[in-house]
Amino acid sequence: METASLEQILKSNPYPGRGIVIGLSPDSAYAVTAYFIMGRSVNSRNRIFVQDGEGIRTKAFDPAKLSDPSLVIYAPVRVLGNKTIVTNGDQTDTIYSLMDKQLTFEQALRTRTFEPDAPNYTPRISGILHLEKDTYNYAMSILKSEHGNPDSCCRQTFAYEHPLAGEGHLIHTYQSDGDPLPSFEGEPVRVGIAGDIDAFTDQIWASLNEENKVSLFVRFIHTATGAYETRIVNKNQ
């Protein structure tokens with residue numbers, strides 16, 4: 001089975017919402033991750049990514065236009081030792097704090113559920129990259145309502161050991177645009193990872209819908225040393 005084109009998937013979907021990509025560079029030298037956010041409302045579009053220690057956080061571009069910070073202001077990326085956590089909400093902090101107390105990624109997420117934004121009930125998507133002694137593995141999770149029913153939460157975790165060079169997985173919040181927005185379905189999509197950090201960043205940013213894209217974070221982590229490079233792109237400048 002061939003890998004899907006990340007570029008084509010993003011170009012063909014005007015509103016995948018928020019998305020996480022995790023994989024391995026073509027030369028196997030770097031663990032790769034990317035996180036993008038999109039928005040339809042003024043509140044969602046009024047954001048930028050800023051550096052926050054080893055991670056990032058969202059920030060209102062124009063504080064006067066921030067109507068509700070509850071689901072739009074959070075830390076999407078945090079680093080806990082040799083683990084990099086990437087999520088679409090404040091569950092980043094939950095994973096960080098509970099894994100710091102020796103719980104697993106999946107156990108930490110058992111304490112959370114999808115977002116309380118009826119009628120969409122936006123899924124919480126999360127990823128974690130783990131590098132140790134020249135080995136690298138990653139996992140992805142989605143917490144979503146069962147066919148839009150807020151009384152039922154579907155919890156899925158996907159773990160990937162010994163990733164293949166030039167390959168990764170994409171998970172995002174919405175299948176497509178709609179009202180209400182339909183939740184992502186199925187397993188994370190197996191996609192190709194091509195180029196260096198700048199080429200990969202440019203590919204994703206150029207593929208996202210021009211009207212709806214807001215911000216993009218990309219990180220390449222050297223699998224042998226743990227040293228990393230980061231790129232942040234914000235539509236609001």
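**Figure 1. Q102 in the loop between α3 (91–99) and α4.** Q102 is exposed because its relative accessible area is 69%, where exposed stands for over 50%, buried for under 20% and partly exposed for what lies in between (1.4 Å probe, protein chains only). The model shown here and in the other views is predicted, so that local features need pLDDT of at least 70 and side-chain atom pairs count only at pLDDT 80 or more, while totals for chains, interfaces and linings use all residues. Residues are numbered from 1 along each chain as its sequence is written, and side-chain values use heavy atoms, with hydrogens and water left out. Phi of Q102 is near 80°, a positive value in a residue other than glycine.

**Figure 2. H147 in the loop between β8 (135–146) and β9 (149–161).** Although H147 is not a glycine, its phi is positive, at about 55°. H147 is exposed because its relative accessible area is 77%.

**Figure 3. The cis peptide bond between A118 and P119, with N120 in the loop between α4 (105–109) and β7 (124–132).** Omega of the bond that joins A118 and P119 is about 0°, and P119 has its place in the loop between α4 and β7. N120 counts as buried because its relative accessibility is 17%. Once the neighbours within four places in sequence are left aside, N120 is in contact with P180, L181 and S183, contact being defined as heavy atoms within 4.5 Å.

**Figure 4. The cis peptide bond between D179 and P180.** This bond has an omega of about 0°, and P180 is found in the loop between β10 (167–172) and β11 (189–192). P180 is also one of the residues in contact with N120, when neighbours of N120 within four places in sequence are left aside.

**Figure 5. The hairpin formed by β5 and β6.** Strand β5 (residues 77–80) and strand β6 (residues 83–87) run antiparallel and are joined by four bridges; two strands are taken to pair if DSSP finds at least two bridges between them. Two residues lie between the strands of the hairpin, and G81 in the turn has a positive phi of about 60°. R78 has I85 as its bridge partner in β6. T84, found in strand β6, is buried because its relative accessible area is 5%. Not counting residues up to four places away in sequence, T84 touches V77, R78, V79, G127, I128, L129 and I221.

**Figure 6. G55 in strand β4 (residues 55–60).** G55 is buried because its relative accessible area is 3%, and it touches V50 and V77, not counting residues up to four places away in sequence. G55 and I85 are 30 residues apart along the chain, and their C-alpha atoms are separated by 8.8 Å; I85 is the bridge partner of R78 in β6.

**Figure 7. E211 in the loop between α5 (197–207) and β12 (213–222).** E211 counts as exposed because its relative accessibility is 54%. Residues up to four places away in sequence not being counted, E211 touches R45 and K235. From C-alpha to C-alpha, E211 and D52 are 27 Å apart in space, and they are 159 residues apart in sequence.

**Figure 8. The protein chain that holds these sites, with five helices and 13 strands.** The C-alpha atoms fill a box of roughly 45 × 40 × 35 Å, taken along the principal axes. Buried residues make up 51% of the 237 residues. Among contacts between residues at least 6 apart in sequence, 58% join residues at least 24 apart.
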